[in-house]
Amino acid sequence: MRLLVLGLGTAGSRIANAIVGLAGKTTQNTAVHAIAVDNDPEVLDTLTNIERRAKFYFPRDNIGSPELLTTNFTIDEVKATLRTYDTTGHDAILLCAGLGGGLTDLIPHLVEIIRETMFEPVFGLVTLPVNEEGEDRLRRAAINMRKIRRLLDGVIVFDNQIWLGKVNEQKEAVSHQKVQGLSDKLRFSGAEKRDTDPYDQVNQQIAKRIQILIQAGEIQDTPPQMVLDTREILNTITGMDLITLGLADELLEEKARISLFRQKEESIVNRQERAGRIVKLAERAVYRDISAYCDLSSAKKALILLLGPEEELSMKGFMAVRKWIDDSIDGYELRSGDNPLSTRQGTSVGVLIILAGLGTVARVEELDQRITEKTSTQPD
């Protein structure tokens, strides 16, 4: 997939930087570009994966007058840069932002600029603030969510309340357990474990999910049995309002060298085990490792993608997962595919599930209720 990522504010810019960095290491035939806009020059300097010409400093003094932002020199520069990237061609634009941040007021104006110059669908990838960030930030996030849902072709929701908690749990597990090899069993990769900032670790989880979608449909050493291309991904999420991404994976144990006869014998004996692993990973992707907790039965569309070495991808397990999702969602559109890797490329098996057109995302409803309650208590 060819993707143009626009990071807005500190949170959005760091997410964009993580996406570009990971995509550059793992994708082959894609074009992923990024632009970052922030009011903190020190943050912009840390974005090592984004070109210098694509970083824009937005003065803090201008945040209070969003209606005038389209005439600001920074916005004009962003517009000019968008035009230069437009000549390379992209399949979609992804606008990343932390909804509680001050620069989120820019989103409507940036979307308008993008719509003027590009015809590709524009999606949002937003993070929701944690409760500890305060009432003002939570209300701002709720107000911004209401605004952008009307403007974008779909909004991918990532709840920091969930994921910062997961990061802290992982840190506690590492600090309390000194057993050799335990860190390899944790779900975060080695690069993520080295990061000290919990938000950086969350951003790596976001980038990992987007990278998998970017990579889907690329030409691999091992051809997929069920081809999933960019068009099918876009058809799943375009016009679908709220979207969540679930990803669960499991590291494979190193296999000893065995004879061909033994390999055949084990493939029969372990067939059920491999199928069960796919089903368990799918359940974990939907109920535990989802970007934001949601009601599966309210989804209008869904997409399932299997990842890992070809010999570890169970068709029986896949068919069970497909039937479960198909029977559970409210809509009738379910797409699926696999991304098989050679044994030297893949060391884990994973399941990615997209749920789109969601009627219920618990944390979004919770934030929205804050606005409703405040409005209802105001005097006439």
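Reader: Under which cut-off in relative accessible area does a residue count as buried, and is Asp-338 buried or exposed?
Author: Buried means under 20% relative accessible area, and exposed means over 50%. In this predicted model, Asp-338 lies in strand 9, residues 333-341. Its relative accessible area is 7%, which falls under the 20% limit, so Asp-338 is buried.

Reader: How far apart in space are Asp-338 and Glu-310, C-alpha to C-alpha?
Author: In sequence, Asp-338 and Glu-310 are separated by 28 residues. In space, the distance from C-alpha to C-alpha is 9.0 Å.

Reader: Which residues have the most contacts inside the largest nonpolar core?
Author: In soluble globular proteins, nonpolar side chains tend to be buried together. Here the largest nonpolar core has 114 residues. Leaving out residues up to four places away in sequence, Met-145 touches Leu-99, Val-126, Leu-128, Val-155, Val-157, Leu-242 and Val-364. The residues with the most contacts inside the core are Met-145 and Ile-325.

Reader: How much space lies in the largest cavity?
Author: Rolling a probe the size of a water molecule over the atoms shows where empty space is left. The model has four cavities of 30 Å³ or more. The space in the largest cavity is about 130 Å³.

Key:
Residues are numbered from 1 along each chain as its sequence is written. This is a predicted model: local features need pLDDT of at least 70, side-chain atom pairs count only at pLDDT 80 or more; totals for chains, interfaces and linings use all residues. Side-chain values use heavy atoms; hydrogens and water are left out. On a 1 Å grid over the protein atoms alone, a cavity is a set of points where a 1.4 Å probe fits but cannot get out, and a pocket is an open set with protein on both sides within 12 Å along at least five of seven lines; lining residues have an atom within 4 Å of a point. Grid points are joined across faces, edges and corners, and a volume is the space filled by probe spheres set on the points. Helices (H or I, at least four residues) and strands (E, at least two) are DSSP runs, numbered from the N terminus. Buried means under 20% relative accessible area, exposed over 50%, partly exposed in between (1.4 Å probe, protein chains only). A nonpolar core is a set of buried Ala, Val, Leu, Ile, Met, Phe, Trp, Tyr and Cys residues joined through side-chain atoms within 4.5 Å. Contact means heavy atoms within 4.5 Å.
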